[in-house]
Amino acid sequence: MVEVEEIGKTFADKKKGAFRAVDGVSFTAQPGEIFGVLGPNGAGKTTLLRMLATILEPTAGTARIAGYDIRKDAQSVRSSIGYLTGSAGLYERLTPREVLAYFGELYGMRPDVIQTRMNDLFDALEIHEFADRRCDKLSTGQKQRTSIARAILHNPPVLFFDEPTSGLDVMAARSVKQFIRRCRNEGRTVLFSTHIMSEVEALCDRIAVIYNGKIAAIGTPDELRARTGEIHFENVFLRLIGEPLDKELDAGGKIHA
């Protein structure tokens with residue numbers, strides 16, 4: 001489970017002074033649920049996930065990830081999560097097999113467990129054909145599949161996906177979305193950050209709409225449609241943040257704030 005309590009993050013800006021990127025955000029995400037964090041670029045989504053992953057320290061509030069407080073037990077939080085972004089961030093001179101072996105050792109996994117887990121993930125994500133090719137020679141989709149395997153190698157109960165389909169082609173993005181559904185079906189708690197409306201509608205059980213660092217609304221897609229009286233989700237979103245419905249959207253449903 002993920003329990004977030006009034007979490008906030010303020011950054012210092014030499015020109016503008018203090019900037020509050022995340023402002024008193026609270027929500028709970030359950031096991032077996034894909035909880036979407038929807039908002040335009042700059043809304044605070046990535047800052048929020050980085051705090052929950054203990055990459056950034058909150059300036060207010062706290063959260064519990066799989067029962068561990070992010071302020072008091074950061075190491076246990078890190079052992080309980082997998083984190084995937086749109087940037088693969090792989091060691092380019094290593095092969096996918098070497099990347100997973102290395103991260104398995106960092107997680108303190110036994111060599112036999114690493115090997116078994118690696119084989120299972122290579123099967124599930126169809127990595128075998130390029131498992132021994134250097135990462136700098138892989139396609140974008142192949143790199144992302146390797147990143148997925150790395151994120152879930154240690155079998156974490158909680159997964160954070162921060163705009164994981166960014167820059168991917170249709171087929172690679174489809175593979176990522178299929179994997180996210182699989183994680184939910186396995187009973188994991190999934191936090192999924194995006195600004196793409198079609199991904200929200202296709203994946204999320206519940207959604208937190210975040211705008212200017214604050215939660216504008218939380219609910220299922222149908223609950224948010226009922227609340228706004230809108231059918232198309234881009235219009236639902238715009239209603240919830242108080243923007244006019246003629247706000248420009250591109251063909252992929254990305255918000256241009």
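# A tour of helix contacts and the main pocket

Start with helix 8 and helix 9, which cross in a left-handed sense; a crossing counts as left-handed if the near helix is turned anticlockwise from the far one by less than a right angle, and right-handed if clockwise. This is a predicted model, in which local features need pLDDT of at least 70 and side-chain atom pairs count only at pLDDT 80 or more, while totals for chains, interfaces and linings use all residues. Residues are numbered from 1 along each chain as its sequence is written, and side-chain values use heavy atoms, with hydrogens and water left out.

**Helices 8 and 9.** Select residues 221-228 for helix 8 and residues 233-241 for helix 9; the two pack at about 60°, their axes 9 Å apart. Helices here are DSSP runs of H or I with at least four residues, strands are runs of E with at least two, and both are numbered from the N terminus. Axes are lines fitted to C-alpha atoms, for helices over the stretch in contact, and angles run from 0 to 180 degrees between N-to-C directions. Helix 8 and helix 9 are therefore oblique to each other, since angles under 35 degrees count as roughly parallel, over 145 as roughly antiparallel, 65 to 115 as roughly perpendicular and the rest as oblique. Now show side chains: Pro-221, Leu-224, Arg-225, Arg-227 and Thr-228 of helix 8 touch Phe-233, Val-236, Arg-239 and Leu-240 of helix 9, contact meaning heavy atoms within 4.5 Å. By class this contact has 5 nonpolar, 1 polar and 3 charged residues; Ala, Val, Leu, Ile, Met, Phe, Trp, Tyr, Cys and Pro count as nonpolar, Asp, Glu, Lys and Arg as charged, and the others, Gly among them, as polar.

**Helices 3 and 4.** Next select helix 3 and helix 4 (residues 111-125), whose axes come within 10 Å and cross at roughly 135°. That angle makes helix 3 oblique to helix 4, and the crossing is right-handed. On the helix 3 side pick Pro-96, Arg-97, Leu-100, Ala-101, Gly-104 and Glu-105; on the helix 4 side, Ile-114, Gln-115, Met-118 and Phe-122. The contact of helix 3 with helix 4 divides into 6 nonpolar, 2 polar and 2 charged residues.

**Helices 4 and 5.** Arg-117, Leu-121 and Leu-125 of helix 4 meet Arg-145, Ile-148, Ala-149 and Ile-152 of helix 5. This contact has 5 nonpolar, no polar and 2 charged residues. In the loop between the two helices, select Glu-126, a residue other than glycine with a positive phi near 55°.

**The largest pocket.** Now select Ile-81, Tyr-83, Phe-103, Tyr-107 and Arg-150, which lie nearest the centre of the largest pocket among its 19 lining residues. The pocket holds about 470 Å³ of space. Helix 2 (74-80), strand 6 (81-85), helix 3 (96-106) and helix 5 (140-152) each supply at least two lining residues, and strand 6 gives the largest share, 5 residues. The lining comprises 10 nonpolar, 7 polar and 2 charged residues. On a 1 Å grid over the protein atoms alone, a pocket is an open set of points where a 1.4 Å probe fits, with protein on both sides within 12 Å along at least five of seven lines; lining residues have an atom within 4 Å of a point. Grid points are joined across faces, edges and corners, and a volume is the space filled by probe spheres set on the points.
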